[in-house]
Amino acid sequence: MKHFLHLKDYSADELRSILDRAAEIKKNPEKYGDILKNKTLVMLFQKSSTRTRLSFEAGMTQLGGHGIFVDQKTTQFSLTDFKDEIRAVMRFGDVLMFRALKFADVQTAALFNQIPVIDACSEKYHPCQAMGDLLTMAEHSGGLENVKKVVWLGIENNVSNTLKLVCAKLGIDIVLVAPKAHEVSVDNELNQMADATGKVHHTLDLAEAMKDADYVHTDTWMDMEFFKDGKVKPEFKVEYDKRIAMFKPYQLNASVVEMSGGRAKIMHCMPCHVGYEITRDVIDHPNSVIFDQAENRLHAQKAIILHLLGR
Ligand code: CP
């Protein structure tokens with residue numbers, strides 16, 4: 001059974017085929033209005049979300065199916081063995097979308113091979129984001145063959161892991177300007193696989209990285225768990241301050257965009273922490289494709305679900 005987890009097992013052709021389908025669905029949504037009639041996507045969340053929940057739920061509606069939002073906090077997961085509960089949960093759907101605190105739990109669900117499982121952002125991967133990002137870059141460059149150089153700025157994390165891997169698989173050079181990798185996100189096998197393509201580069205020389213860049217991406221330097229009601233939890237304050245000091249020199253701001261000769265398009269998977277990893281003027285910059293990027297989660301994920309269901 002096919003799952004959508006870390007993408008180490010997806011070929012370049014398979015990724016291209018999903019992206020072509022996503023572009024076609026975006027162009028002709030009416031053709032797909034009942035393709036998933038009577039199909040259910042179970043959407044299990046252990047962490048908060050705006051885009052992932054909305055794009056999957058709206059996507060299922062638009063495909064003629066249904067998405068059920070399951071918040072782990074309001075279910076019986078805390079009372080029992082995860083393995084038992086997830087096996088029961090998967091009896092009610094055709095695909096499981098899982099935003100998990102730990103990838104190990106996503107893998108546990110996938111190993112049962114009951115229904116296809118999608119990692120909807122664990123601490124290690126964010127494959128749906130990577131596909132939405134590729135779709136956005138393809139759109140804004142007139143095809144991925146015209147995307148030559150992508151820059152990742154800030155912290156190496158779950159989002160950069162999958163973006164790096166898919167860019168490398170598709171022959172796009174990706175330069176990581178990141179003083180540190182988030183420890184929990186590190187996957188040595190993925191790193192080796194991406195590095196072996198010769199397409200992954202590391203530097204802290206921002207000007208050199210940005211020269212001739214087609215796209216510059218960034219993401220928050222913080223973890224979702226640091227915040228409650230928009231405020232930093234006291235137990236995370238020291239780590240929060242440490243990260244600001246470490247990553248501030250790699251903030252995505254107007255002067256960084258200028259280093260590309262003003263050509264680099266600006267991407268952020270959102271949510272943005274304005275004034276930290278990205279500045280307001282850059283979010284609203286004419287080169288910003290951030291909101292197209294958010295929308296493209298919808299189109300990319302429709303294609304992913306259809307691919308997993310063999311439709
Ligand atoms: N980029 C992303 O996954 O957004 P959410 O956390 O809002 O789902």
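Colleague: How many residue pairs are in polar contact between domain 1 and domain 2?

Modeller: A polar contact is a pair of N or O atoms within 3.5 Å; within protein, one must be able to donate a hydrogen and the other to accept it, and residues adjacent in sequence count only if both atoms are side-chain atoms. Between domain 1 and domain 2 there are 7 such residue pairs, both residues being at pLDDT 80 or more. The elements giving two or more residues to the side of domain 1 that touches domain 2 are α1 (12-27), α2 (51-62), β4 (117-119) and α12 (290-308); helices (H or I, at least four residues) and strands (E, at least two) are DSSP runs, numbered from the N terminus. The largest share of that side, 8 residues, is from α1.

Please note that this is a predicted model, in which local features need pLDDT of at least 70 and side-chain atom pairs count only at pLDDT 80 or more, while totals for chains, interfaces and linings use all residues. Residues are numbered from 1 along each chain as its sequence is written, and side-chain values use heavy atoms, with hydrogens and water left out.

Colleague: Into which domains is the protein divided?

Modeller: Domain bounds come from an automatic or database domain assignment. Here domain 1 covers 12-125 + 297-309 and domain 2 covers 128-293. Their centres, taken over C-alpha atoms, are separated by 24 Å.

Colleague: What area is buried between domain 1 and domain 2?

Modeller: The size of an interface is often given as the accessible area lost when the parts come together. Buried area is the accessible area (1.4 Å probe) that two parts lose on being put together, summed over both. For domain 1 and domain 2 the value is about 2,100 Å², with carbon and sulfur atoms giving 65%. In domain 1, the residues losing the most area to domain 2 are L19, Y125 and R297, together 29% of what that side buries. Counting contacts (heavy atoms within 4.5 Å), 26 residues of domain 1 touch 25 residues of domain 2.

Colleague: How many salt bridges does the structure hold?

Modeller: A salt bridge is a side-chain nitrogen of Lys or Arg within 4 Å of a carboxyl oxygen of Asp or Glu. The structure holds 19, and the count between domain 1 and domain 2 is 1. One of the salt bridges in the structure joins the side chains of E139 and K26, at 2.7 Å, N to O. Another pairs E57 with R53 at 3.2 Å, N to O; because these residues are 4 apart in helix α2, about one helical turn separates them.

Colleague: Which residues surround the ligand?

Modeller: A residue is near a molecule if one of its heavy atoms lies within 4 Å of it. The surrounding residues include S49, T50, R99, H126, M270 and R297. A backbone N or O atom of T50 is 2.7 Å from an oxygen atom of the ligand. For the side chain of R99, an N or O atom is 2.8 Å from a ligand oxygen atom, and for the side chain of H126 the value is 2.8 Å.

Colleague: Where is the peptide bond that is cis?

Modeller: That bond runs from M270 to P271, with omega near 5°. P271 lies in the loop between β11 (265-268) and α11 (280-283).
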